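Please look over the sequence and the model, then read the notes below.

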Amino acid sequence: MTPPTDSPDTKEAFNVVPIHKHKELMDQCIALINSEWPRSYTARLWSLESSKETLPTSFVLTANAKAGVVVLAHAKLSPIPADREAVFVESVVVARERRGQGIGKLLMREVENHCFQNLRLKKIYLSTIDQEAFYTKLGYKLCSAISIFGSRPAANKSTKKIWMFKNAPC
């Protein structure tokens with residue numbers, strides 16, 4: 001997706017790449033996502049294997065280590081059937097030991113660039129339970145729940161989730 005980028009908070013070089021072009025990272029990515037939201041290996045693998053150039057797309061942020069390439073973060077972009085000019089970003093996770101180092105901000109910046117510049121989308125939606133402050137710092141604003149499944153306008157009324165959006169820059 002992008003050439004190596006330095007984190008704003010470290011001098012370490014990172015890459016943000018689509019998982020479908022780096023299948024060798026699938027196991028690490030599954031372990032990372034399951035460390036936050038446990039689910040079967042097969043279900044995670046199926047989800048990651050659906051990644052493609054168009055939506056849905058899963059991105060991983062990687063760094064080089066002595067043992068090889070290490071997956072530090074993940075985000076999945078999913079289509080919104082009722083709004084072809086928008087995307088739903090989900091399963092955003094950063095390795096616990098690397099949180100607070102600017103990695104999430106770097107991943108989201110690359111995801112936003114991909115959505116707005118490459119896919120030419122007009123809006124990004126996401127939901128969170130406990131990261132409202134993080135997304136607010138990135139320019140996301142509160143919104144009503146949206147339907148991310150099907151084309152019906154009925155909103156998802158989950159009481160735990162906080163729904164947010166960001167418009168493409170003018």
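The model is predicted. On that basis the protein has 4 helices and 8 strands, and from the N terminus its elements follow the order β-β-α-α-β-β-β-α-β-α-β-β.

**Overall make-up**

- The protein has 170 residues, and 45% of them are buried.
- Among contacts in the protein with a separation of 6 or more, 58% are between residues 24 or more positions apart.

**Aromatic pairs**

- The structure contains 4 aromatic pairs.
- One of them joins F88 and W163, whose ring centres are 5.7 Å apart. The angle between their planes is 35 degrees, and the pair is tilted.
- F88 belongs to strand 5 (residues 86-94) and W163 to strand 8 (residues 162-167), so this pair ties together parts that are 75 residues apart in sequence.
- F88 and W163 are both buried.
- F134 and Y135 form an edge-to-face pair, because their planes meet at 70 degrees and the cut-off for that class is over 60 degrees. The centres of these two rings are 5.0 Å apart.
- Y135 has a relative accessibility of 6%, so Y135 counts as buried.
- F134 and Y135 also belong to one aromatic cluster together with Y140.

**A charge over a ring**

- K123 places its charged end over the ring of F165. The distance from that charged end to the ring centre is 4.7 Å.

**A buried arginine in a loop**

- R98 lies in the loop that runs between strand 5 and helix 3 (103-118).
- The relative accessible area of R98 is 15%, so this residue is buried; the cut-off for buried is under 20%.
- Leaving aside residues up to four places away in sequence, R98 touches E12, F14, L72 and I103.

**Points to locate in the model**

- Which strands hold F88 and W163? F88 is in strand 5 and W163 is in strand 8.
- Is R98 buried or exposed? R98 is buried.

Technical notes. Residues are numbered from 1 along each chain as its sequence is written. This is a predicted model: local features need pLDDT of at least 70, side-chain atom pairs count only at pLDDT 80 or more; totals for chains, interfaces and linings use all residues. Side-chain values use heavy atoms; hydrogens and water are left out. Rings of Phe, Tyr and Trp (its six-membered ring) pair if their centres lie within 6.5 Å; planes under 30 degrees apart count as stacked, over 60 as edge-to-face and the rest as tilted. Helices (H or I, at least four residues) and strands (E, at least two) are DSSP runs, numbered from the N terminus. Buried means under 20% relative accessible area, exposed over 50%, partly exposed in between (1.4 Å probe, protein chains only). A charge sits over a ring if NZ of Lys or CZ of Arg is within 6 Å of the ring centre and within 35 degrees of the ring normal. Contact means heavy atoms within 4.5 Å.
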